[in-house]
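Work through these exercises with the sequence and the model in view. Try each task before you read its solution.

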Amino acid sequence: MRLEYFQLIDRIVDLNLAGLAIKCEATVPTASTIFEGHFPGFPLMPGVLLIETMAQTSGWLVVAANRFERMPFLAAVKDAKLRTFVTPGQVLLISAELKHQGSGYAITEASIAANGKSVCDATLTFSVVAFPNAEMNKRMRDTAADIGFDG
């Protein structure tokens with residue numbers, strides 16, 4: 001997890017296109033400038049970054065389902081529940097299932113667990129569009145290879 005660069009997924013653990021599901025893993029860094037203000041003396045992963053982590057996991061599933069021909073942009077977050085704190089050094093298991101895709105949108109149900117306990121979950125809606133250019137598609141493919149994309 002590279003918080004400052006918004007690269008929140010370390011690796012894809014399982015990609016099941018037949019079941020429209022994905023599992024990813026991310027380790028919260030032990031040190032980051034984000035923790036200097038959130039919160040001094042009690043560092044916590046910001047909830048908005050937990051939602052972004054679920055969105056990135058869901059995004060890899062949508063990209064895989066679209067065979068790198070289209071990409072998702074987060075459009076809505078519904079029923080988000082942040083259940084507990086996430087602290088530096090924790091290993092997160094992020095899961096997502098694709099519930100709907102069509103008419104230029106995709107909907108996933110995503111969740112994060114740590115130490116076998118639920119951290120957060122949400123229903124996420126994405127606008128799904130063509131890649132804006134070949135360079136972005138290539139960068140996505142390069143990042144996919146770095147995190148173990150096998151789809």
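For charge counts, Lys and Arg are positive and Asp and Glu negative, while His and the chain ends are not counted. The place of a charge is NZ of Lys, CZ of Arg, CG of Asp or CD of Glu. This is a predicted model, in which local features need pLDDT of at least 70, side-chain atom pairs count only at pLDDT 80 or more, and totals for chains, interfaces and linings use all residues. Residues are numbered from 1 along each chain as its sequence is written, and side-chain values use heavy atoms, with hydrogens and water left out.

**Exercise 1. Charges**

Task: count the positive and negative side chains, then find how far apart the centres of the two sets lie.

Solution. Step one: the chain has 13 positive side chains and 15 negative ones. Step two: the centres of these two sets lie 4 Å apart.

**Exercise 2. The fold in outline**

Task: list the elements in order and judge how compact the chain is.

Solution. Start with the term: helices (H or I, at least four residues) and strands (E, at least two) are DSSP runs, numbered from the N terminus. The chain has six strands and three helices. Read from the N terminus, the order is β-β-α-α-β-β-β-β-α. The radius of gyration is 15 Å, close to the 15 Å of the globule rule for 151 residues, so the chain is as compact as a globular protein of that length. Here the radius is taken over C-alpha atoms, and the rule is 2.2 Å times the number of residues to the power 0.38. Along its principal axes, the C-alpha trace spans about 45 × 30 × 25 Å.

**Exercise 3. Inside and outside**

Task: what share of the residues is buried, and what share of the contacts counted joins residues at least 24 apart?

Solution. Buried means under 20% relative accessible area, exposed over 50%, and partly exposed in between (1.4 Å probe, protein chains only). Of the 151 residues, 41% are buried. Contact means heavy atoms within 4.5 Å. Take contacts between residues at least 6 apart in sequence: 67% of them join residues at least 24 apart.

**Exercise 4. Aromatic pairs**

Task: count the aromatic pairs, then classify Phe 42 with Phe 85 and Trp 60 with Phe 149.

Solution. The rule comes before the count. Rings of Phe, Tyr and Trp (its six-membered ring) pair if their centres lie within 6.5 Å; planes under 30 degrees apart are stacked, over 60 edge-to-face, and the rest tilted. There are three aromatic pairs by this rule. For Phe 42 and Phe 85, the ring centres are 5.7 Å apart and the planes stand at 85°, so the pair is edge-to-face. This pair links distant parts of the chain, 43 residues apart. Phe 42 sits in the loop between helix 1 (34-37) and helix 2 (47-65), and Phe 85 in the loop between strand 3 (70-82) and strand 4 (91-102). Phe 42 is partly exposed at 44% relative accessible area, and Phe 85 is exposed at 55%.

Now take Trp 60 and Phe 149. Their centres are 6.3 Å apart with 50° between the planes, so the pair is tilted. Trp 60 is in helix 2 and Phe 149 in the segment after helix 3, so the pair ties together parts 89 residues apart in sequence. Both residues are buried. Trp 60 and Phe 149 form one aromatic cluster with Phe 68.

**Exercise 5. Backbone details**

Solution. The cis bond joins His 38 and Phe 39, with omega about 0°. Phe 39 lies in the loop between helix 1 and helix 2. Phi of Ser 103 is near 55°, a positive value in a residue other than glycine. Ser 103 lies in the loop between strand 4 and strand 5 (105-114) and is exposed at 78%. Phi of Asn 115 is also near 55°. Asn 115 lies in the loop between strand 5 and strand 6 (117-130) and is exposed at 68%.
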